[in-house]
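Have the viewer open as you read.

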Amino acid sequence: MWSREANIQSWQTWLGEDLGTDRARPAPRRCQHTLTSVPTSTYVDIMVIEKMVDVGGHEICAQILGSGPTVVLDGGGAGQGLGTWGPVPERLADFATVVTYDRAGVGRSGGTQARSVAEQADALRRMLRGLELRLPAVFVGWSYGGLVTQVYAARHPDDVAGLVFVDPTAAGTPPGSALVRSLSFDVAAWLLRARAALGGRNARALRELAVTLGGMQDAMAEAKSTREEYGLPPVPIRVIAAGKRPRMPRAQLDHLTADHEALAGRSPQGRVLVAEHASHQVPYEQPETIVETVREVLAG
């Protein structure tokens, strides 16, 4: 039986966005070539570089902080990576060069939102090449960003030194009838657009989420087929699952759990971890788990 509450909580799990609260998002100001400094968890200031990167036909806004091996963060369904990872980037910057970015057509980046996950992954690769960062890197994908990270790793395995998935969206076809799935996604997109029409600080992000949701079923199927066709590189894989789940149908929870296990099982060095005290918002509620997991993967 469809229920608005259960489905909003499920959409949150798919998209990496808290749809039940009005969590402040960064203002979509213009991305500029800037050089600033911020304090890290060790109370040492680090340099932060923000710049536009030409990826062919449009530019993507990227932010780089810290020094050391490269760690690439790919965020949730809205596509805004800048300012949406909580304290994670600054803590990682104690020992790594950390890259965050806004996807095409989102936040401070130019272009239009891509419907294909492969397009998003390939644009990310062009951005990293444009930044001239040291590769291979550890890629960290949160929620929908887990789909992008999987497709990137499958298509460009030589770029990847390790994979960390933070409560990733399940690839493949969710349980239930095709009609119910389509109606659920259509209603979700409509609710997001309706809420955006009311204005507020998150209106633009909600409109961007609605676009992502419109292509969600295709994105999940594309990630699954790409993973099956090309496989993933034989690198350390960690899947961090949320310990506090919203109410959702048992079949959907089983589907999510099974995909997390299958994802970790793609590597002999794969493992599923549980962030016991966190909901889907792991970067905000248990950031230390992400930081220590990345540190472990970097150590080999």
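Start at Tyr144, which is buried because its relative accessible area is 3% (buried means under 20% relative accessible area, exposed over 50%, and partly exposed in between, using a 1.4 Å probe and protein chains only). You'll find Tyr144 in helix 4, residues 144-155. Helices here are DSSP runs of H or I with at least four residues, strands are runs of E with at least two, and both are numbered from the N terminus. Residue numbers run from 1 along each chain as its sequence is written, and side-chain values use heavy atoms, with hydrogens and water left out. Keep in mind that this is a predicted model: local features need pLDDT of at least 70, side-chain atom pairs count only at pLDDT 80 or more, and totals for chains, interfaces and linings use all residues.

Which side chain joins that of Tyr144 in a polar contact of 3.3 Å? It's Gln120 (a polar contact is a pair of N or O atoms within 3.5 Å; within protein, one must be able to donate a hydrogen and the other to accept it, and residues adjacent in sequence count only if both atoms are side-chain atoms). Gln120 sits in helix 3, residues 117-131, and counts as buried because its relative accessibility is 11%. The Gln120 side chain also reaches the backbone oxygen of Ala114, at 3.1 Å. Setting aside neighbours within four places in sequence, Gln120 is in contact with Arg103, Ala114, Tyr144 and Val148, where contact means heavy atoms within 4.5 Å.

Now zoom out to the two helices. Helix 3 and helix 4 pack at about 70°, their axes 9 Å apart; axes are lines fitted to C-alpha atoms, for helices over the stretch in contact, and angles run from 0 to 180 degrees between N-to-C directions. The pair is therefore roughly perpendicular (65 to 115 degrees; under 35 is roughly parallel, over 145 roughly antiparallel, and the rest oblique). The residues of this contact divide into ten nonpolar, one polar and three charged.

Glu132 is in the loop between helix 3 and strand 6, and its phi is near 55°, a positive value in a residue other than glycine. Glu132 counts as exposed because its relative accessibility is 72%. Pro136 is in that loop between helix 3 and strand 6 too, and a cis peptide bond with omega of about 10° joins Leu135 to Pro136. Why point these out? Most residues other than glycine have a negative phi, and most peptide bonds are trans.

Asp167, in the loop between strand 7 and helix 5, has a positive phi as well, near 40°. Is Asp167 buried or exposed? At 1% relative accessibility, Asp167 counts as buried.

On to helix 5 (residues 178-197) and helix 6 (residues 203-214), whose axes come within 8 Å and cross at roughly 165°. That makes helix 5 roughly antiparallel to helix 6. Their contact residues divide into ten nonpolar, no polar and three charged.

As for the whole protein, there are ten helices and nine strands, and 55% of the 300 residues count as buried.

Key. Ala, Val, Leu, Ile, Met, Phe, Trp, Tyr, Cys and Pro count as nonpolar, Asp, Glu, Lys and Arg as charged, and the others, Gly among them, as polar.
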